[in-house]
Structures are given as structure tokens and as C-alpha cells.
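Here are my notes on the charged pairs, as you asked. Please read them with the structure open.

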Amino acid sequence: MQLRILRVGGRGEPLPLPSYATAGSAGLDLRADVEVHLSPGERKLVPTGIAIQLPDGFEGQVRPRSGLALRHGVGMVNAPGTIDADYIGEIGVILVNHGQEVVRFERGDRIAQLVIARFERVSLVEVDALEQTDRGAGGFGHSGHR
């Protein structure tokens, strides 16, 4: 599958396009198109300088980078963020600093990853009851500790 991508930032020299870090990577690395300083507890919308055009039936899932979470406590407020197929604006990443130190990102630093996934649309059918299952309505922790 090919993905149409457009550079939209215009904030300096063009950054590398998103890419897979390894042959087995599921996500394309997204980069900050600006310098960012995040204080503890602070969140910011960070532009990436790119826009994409997804085929119908696909979404983009913007996910946090595990290394940033482990080393700095940086994550995403809305993980995963969803890019709908009809959105063609600049991709932004809502970063949050859960750590105890200011975290600085330079323009071009990898801040998130983009996974492209197929999805199905459904039609809703209202019913009077749902079919019974072994689990039933058991919620979080229902299956025990081990």
C-alpha cells in the first residue's frame, strides 16, 4: 500500500519523512517540527510538519514511544490518537510530561509513532438483550489475579 504524504511545516530545512526504524517495526517514527520544552505535568500539541491522505477503510494510530515513557515519563494524553481517513491537515501529537524534570525536544527528534490500520464501520442494531457469554458482564479484574 502506498501512503500519500505532504510536507506542510515550512519551519526550516525539510525533516526526514517518517520511516520504520527496523524491518519488523509496525510504526513509522514521527518527528517534532519545532523545539519543545515540557515542564513536569505540562502538555503541548507538537506539530510534525506532515499531512497524510489515507485510503478509505484505514486510520492512522498515533502512539507514544516506549523509550520516552521509560526514560523521561513522556507519553500522550490521548493514546492512541486517531487520524481519520478524511483528515488531511497537519498531524499533531499531544505530548504530556509525567516525569519530574523538564524534557526538551529538538526539532527533528522522534516523538511518536504512526501505525496504519484497517478498520470496519458497523451499523447499529438496538436489541432488548445481549446473548449470554461465559464472562457475562464481569468487568476489570473479573478473571482474578493470576
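This is a predicted model: local features need pLDDT of at least 70, side-chain atom pairs count only at pLDDT 80 or more; totals for chains, interfaces and linings use all residues.

1. Start with R11 and E90. They form a salt bridge, with the closest N and O atoms 2.9 Å apart. R11 sits in the loop between β1 (4–7) and β2 (28–31), and E90 in the loop between β8 (81–83) and β9 (92–97), so the pair ties together parts that are 79 residues apart in sequence. R11 has 36% relative accessibility, so it counts as partly exposed. E90 is also partly exposed, at 25%.

2. Next, D29 and R65. Their side chains meet in a salt bridge at 4.0 Å, N to O. D29 belongs to strand β2, while R65 lies in the loop between β6 (58–64) and α1 (66–72). The two are 36 residues apart, and the pair links distant parts of the chain. Both D29 and R65 are buried.

3. Then D33 and R107. This salt bridge has its closest N and O atoms 2.9 Å apart. D33 is in the loop between β2 and β3 (36–38), and R107 is in the loop between β10 (103–105) and β11 (110–118), so parts 74 residues apart in sequence are tied together. D33 is buried because its relative accessibility, 3%, is under the 20% cut-off. R107, at 29%, counts as partly exposed.

4. Which residues join R11 and D33 in a network of salt bridges? E90 and R107 do. Please view these four side chains together.

Conventions: Residues are numbered from 1 along each chain as its sequence is written. Side-chain values use heavy atoms; hydrogens and water are left out. Helices (H or I, at least four residues) and strands (E, at least two) are DSSP runs, numbered from the N terminus. Buried means under 20% relative accessible area, exposed over 50%, partly exposed in between (1.4 Å probe, protein chains only).
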